[in-house]
Amino acid sequence: MAHLGPLPGSPLYDAARGMAGLVADIEEDIAALQAGGVDAIMFGNEGDRPYLLKATPESLAAMAAIIGQVKARLTVPFGVNYLWDPVATVGLAVATGASFAREVFTGVYASDMGMWQPDCAGALRLRAQLGRPDLKLLFNVNAEFASALDSRGVAQRVKSVVFSSLADVICVSGAITGQAVDGSDLDAAKGAAGSVPVFANTGVTIDNVDKILAVADGCVIGTHFKREGYTWNKVDPDRVARFMERVRKLRA
């Protein structure tokens, strides 16, 4: 993950440093991630606390502008995630030329942001209308900062999402950013997803990656790559390099 700092309009936005400061910070993180050997980079607006369920014009424009300025530095594929708006995420992905996009596309949740009802149909129809059927969509099926208002277990939800909502990848999360995925949830998702890949979406570390990748097809790393393993710190190049070396050995 390349976590963007607070964008214009969000409570923690640093107007003194402005957009130039946001660009400088993310360029530093990109360099550290790529030097460590990551497979891909996903841009997310994690700094925009408290999170929105519908993107604002200023934050979406700022995120697109930042990605546009730094994408020439990328040597790996990239994706995007605007928290927590799936339609805006797809639009952002198309505008920036991303290869993939992650979001909570399905379900109904009670969340820190209020009642949460994602618009999966709107997001996938926008992907089709904008001519990007190749854009891979990563479906987070148990949202962070939220509880599903759904009595079905993870396995049944995954089966349903794959059948009805055309997921390209299933992502399984812990309760909040940086918290490990419940192993039983990951097992259930993998057993139900069929040929659709399953990723662990939160809480993967160098200490548990062997167990995670024994089940999952991939993982998303944010917090563990930060200095001291703290979400809001800068990316630590040494932590990235050590983790990716461990992954290379597991793949071998």
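Author: Before we start: two strands pair if DSSP finds at least two bridges between them. Strands (E, at least two residues) and helices (H or I, at least four) are DSSP runs, numbered from the N terminus.

Reader: Ok. And what sort of model is this?

Author: This is a predicted model, where local features need pLDDT of at least 70 and side-chain atom pairs count only at pLDDT 80 or more, while totals for chains, interfaces and linings use all residues. Residues are numbered from 1 along each chain as its sequence is written, and side-chain values use heavy atoms, with hydrogens and water left out.

Reader: Let's start with strand 1. How many bridges join it to strand 2?

Author: Two bridges, and the two strands run parallel. In that pairing, Ala2 sits opposite Phe43 of strand 2.

Reader: And what sheet do they sit in?

Author: An open sheet of eight strands, in the order 1-2-3-4-7-9-10-11, with parallel pairing. Its edge strands are strand 1 (2-3) and strand 11 (218-219), each pairing on one side only.

Reader: Further along, how many bridges are there between strand 4 and strand 7?

Author: Strand 4 (residues 100-103) pairs with strand 7 (residues 136-140) over four bridges, in the parallel sense. Look for Arg102 there: its bridge partner in strand 7 is Leu138.

Reader: Which strands of the sheet does helix 2 touch?

Author: Helix 2 packs on the sheet against strand 2 (41-44) and strand 3 (78-81), and its direction makes about 150° with that of strand 2. Touching, or contact, means heavy atoms within 4.5 Å. For the angles, axes are lines fitted to C-alpha atoms, for helices over the stretch in contact, and the values run from 0 to 180 degrees between N-to-C directions.

Reader: Back to strand 2, then. Are its faces covered or open?

Author: Both faces are covered. Ile41 and Phe43 are on one side, Met42 and Gly44 on the other, and all are buried. Buried means under 20% relative accessible area, exposed means over 50%, and partly exposed is in between (1.4 Å probe, protein chains only). As a rule, side chains in a regular strand alternate between the two faces of the sheet.

Reader: What about Met1, buried or exposed?

Author: Met1 counts as buried, because its relative accessibility is 10%. Met1 lies in the segment before strand 1. Leaving out residues up to four places away in sequence, Met1 touches several residues, among them Leu33, Phe43, Arg102 and Ile221. Met1 and Phe225 are 224 residues apart in sequence, yet 8.5 Å apart in space, C-alpha to C-alpha.

Reader: Switching to helices. What's the angle between helix 1 and helix 2?

Author: Helix 1 (residues 18-36) and helix 2 (residues 57-70) pack at about 50°, with their axes 10 Å apart. The two helices are therefore oblique to each other. Under 35 degrees would be roughly parallel, over 145 roughly antiparallel and 65 to 115 roughly perpendicular; the rest is oblique.

Reader: Which residues of helix 1 and helix 2 make the contact?

Author: Met19, Leu22, Val23, Ile26, Glu27 and Ile30 come from helix 1, and Ala62, Ala65, Ile66, Gln69 and Val70 from helix 2.

Reader: What's the phi of Phe145?

Author: Phe145 has a positive phi of about 60°, although it is not a glycine. Phe145 is in the loop between strand 7 and strand 8 and is buried, with a relative accessible area of 17%.

Reader: And Leu166, buried or exposed?

Author: Leu166 counts as exposed, at 52% relative accessibility. Leu166 also has a positive phi, near 65°, and is in the loop between helix 5 (154-165) and strand 9 (169-172).
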